[in-house]
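Me: Hi! I'd like to chat through a structure with you, starting with its charged pairs. Could you put it up?

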Amino acid sequence: MNGDERYAIPRLPALGFGGDWNPEQWEPSVWAEDLRLMVEAHVNLVTVGVFSWAFLEPAPGRYEFGWLDTVLDACLAAGVRVDLATATASPPPWLGHLWPESLPVTDQGVRLAYGARQQYCPSSPIYRDKALALADRISHRYADHDAVVMWHVGNEYGAHTPACWCDTSAEAFRDWLVKRYGSLDVLNDSWATAFWSQRFSDWAEVIPPRRTPYFPNPTQQLDFKRFSSDAMLDLFRAERDVIRGHSAPDKPITTNFMRFFPHADYWAWAAAEDLVSDDWYPDLADSSSHVEGAAGADLMRSLGDGRPWLLMEQAVSAINWRSVNPPKSGGEYRRWSLQQVARGADAVLHFQWRAAVGGAEKWHSAMLPHAGPRTRTWRSVVALGAELESLDSLAGARTHADVGIVLDWNSWWALELDSRPSTGLSLVSIIRQWYEPLWARGYAIDFVHPESDLSRYPLVLVPQLYLSTDAAAQSVIDAAAAGSTVVVGYFSGAVDESDHVRLGGYPAPWQDLLGLWVEEYRPLLPGQSVDLIAHEGTGLSGALKGREWTEHVHATDADVVLSYVGGDLDGAPAVTRRRLPGIGEGTAWYISVGLEAPDLGALLLDIGAASGALPILHTPPPTDVEVAVRETETERYLFLLNHGTTGQEVDISPPGPARRPSWRLLPSREQADGAVVVPAGDVVILVSNQERTSDS
Ligand code: GAL
């Protein structure tokens, strides 16, 4: 049987619905009931075996697959397909007991014990051997099983053990450094070891950044983050290659990501996967979780270069690992699930299928709660399963974005090290401040690696790129030269890839592009603010405040749009714009100050409107209404999600000169013209035959 390549999982020609199923936690007599209820809930995909190592290999080299044979055969018979795990996420006690050197060590030299999960050193040869042997057995045995439609390697790499500081890791780190630098002299230069008498005279002296009396060398720390991401990725690749040796190429291989996860460079990881998948657990204490939900989904779509991705895990209701864990309301569960679909997910999967009786996650919700099917939770699961089934024609649909937000893990790592002008700068919160107003206006937004072709976006946002390679710096310049509007945020372009300051005034790579140079970075103390004044039509007026960060900017060839008022920077430029000379060339903005959220939003919307980037709808959607679009060759789907507590009317006219699409409401297929009412907390989905609103 060959799969259908239009689908994210070619051998599952549908949107995926289901979750992690842990049959080994239950008597086999329960499995039949599980499968019967799965069918009732429209479940078509379960992830099996993520934490099954101790059951598949109860003692070193003694494998027991009988129970898994039964489970997979039963799935096939029931019509439920399987995302089969390699079971290597959590080694059994015997591994740590017999080979304690496989256990991870902290930067303070504490060896962590088994008894939880993910207790392995990513560079441990014995863990690697045992994990690959298991992945080999499993994938060899089940590659041709018709229930198995995809492969799930490990689980949330780095969630608990993103790095290890043991002697084996030190050796692996040195090998990685030898490959990166070739010689100790080059490493000494890159790590600036002339400072504080840190110069190495022998490779054996080079160690991971363990606990030190004062700041460890910053480039050593940065390289250790790069190495640790690569070490885990190397494990993923090794298992992937073992699977590829047995399995057909139309059974995709993935591992589940964790959104804006700081410890793995997901650009590199996504390139190594067949399919991006992700876990999302919104914080119910945060009333704007849905904004994070949108941004995370956009990141996943972007990591896969626009291809549909899988929501591998979410909770139906409560989780068990924050301090207080309330349930989701029924509305949130459906709305947040459909939000992920609206932004590119072709599967909605959960942790987990059946609520556990024992263990650390027994108070985590599941599709099938402790109280069984006579529950609100169960009814909302069955309803969502049916709704997704009715949306099958959406599978494979893509989203075209006019806005690209630059994101690079290397820069993120360097920005948030110690010994900076301010440790108050958080990349994720800066990105969030820039993302939110454009999201609220209903722009489709991609995240983008700085070294990729940025010129495909009319609007390129560089909220924070503290570290830029030469290629990244050039790519931003090229985008503006090709006609994009580029907006650069403060403290960007400050250092090169070794975290060395780029000399001659900041941001050295973009002084010509922006038409300015920065003499000094001047972070503000907590609670401190500066006054600003707007000079010309920017969408801003009145008394403005700057917080968190300021810079002493000299404009050489840029229009000054906002200036500082009073204090040391009185009259100096705070926000500038440079229109590049020549027809078809773009515009370059610099924002040197931490604007308050509404002012930053107004400014970015004004810049966006002038850039030619088109939002999805002509009229701004009402507050709390999220808009998203997905398109197949033949149809266009418009999602309207009301995250607020009152019903809202949404004008669904397209922007620009495009003809009005003829929208029909789903599932009724009734004609909808002009405006649509979206009740509080609800989601409305419309479909039209494909008529693009731009010639993109
Ligand atoms: C995820 C993990 C699952 C489960 C879930 C609980 O991080 O992959 O195995 O622990 O959290 O929310």
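Reply: Happy to. The side chains of Asp-250 and Arg-11 meet in a salt bridge, 2.9 Å from N to O; a salt bridge here is a side-chain nitrogen of Lys or Arg within 4 Å of a carboxyl oxygen of Asp or Glu. This is a predicted model, where local features need pLDDT of at least 70 and side-chain atom pairs count only at pLDDT 80 or more, while totals for chains, interfaces and linings use all residues. Residues are numbered from 1 along each chain as its sequence is written, and side-chain values use heavy atoms, with hydrogens and water left out.

Me: Where do Asp-250 and Arg-11 lie?
Reply: Asp-250 is in the loop between H8 and strand S5 (253-254), and Arg-11 is in the segment before strand S1 (16-21), so the pair ties together parts 239 residues apart in sequence. Helices (H or I, at least four residues) and strands (E, at least two) are DSSP runs, numbered from the N terminus.

Me: Is Asp-250 buried or exposed?
Reply: Asp-250 counts as buried at 8% relative accessibility, and Arg-11 counts as buried at 11%. Buried means under 20% relative accessible area, exposed over 50%, and partly exposed in between (1.4 Å probe, protein chains only).

Me: What does Asp-223 form a salt bridge with?
Reply: Arg-180, with the closest N and O atoms 3.5 Å apart. Asp-223 sits in helix H8 and Arg-180 in helix H6 (residues 167-181), so this pair ties together parts 43 residues apart in sequence. Asp-223 is buried at 0% relative accessible area, whereas Arg-180 is partly exposed at 34%.

Me: How many salt bridges are in the whole structure?
Reply: A search finds 30. There is also a network of salt bridges linking Asp-298, Arg-301, Arg-343, Asp-446 and Glu-626.

Me: New topic: which residues make the nonpolar surface patch of about 460 Å²?
Reply: Phe-195, Trp-196, Tyr-214 and Phe-215. Patches are made of residues with over 30% relative accessible area and no salt bridge, with like charges joined within 9 Å and nonpolar side chains (Val, Leu, Ile, Met, Phe, Trp, Tyr) within 5 Å. Tyr-214 counts as exposed at 52% relative accessibility.

Me: And strands: how does S18 pair with S19?
Reply: S18 and strand S19 (residues 573-579) pair in the antiparallel sense over 4 bridges, and Leu-562 stands opposite Val-575 in S19. Strands pair if DSSP finds at least two bridges between them. Strand S15 (residues 529-534) also runs antiparallel to S18 (residues 559-565), joined by 4 bridges.

Notes: Accessible areas come from the Shrake-Rupley method with a 1.4 Å probe; for residues, only the protein chains shown count as cover.
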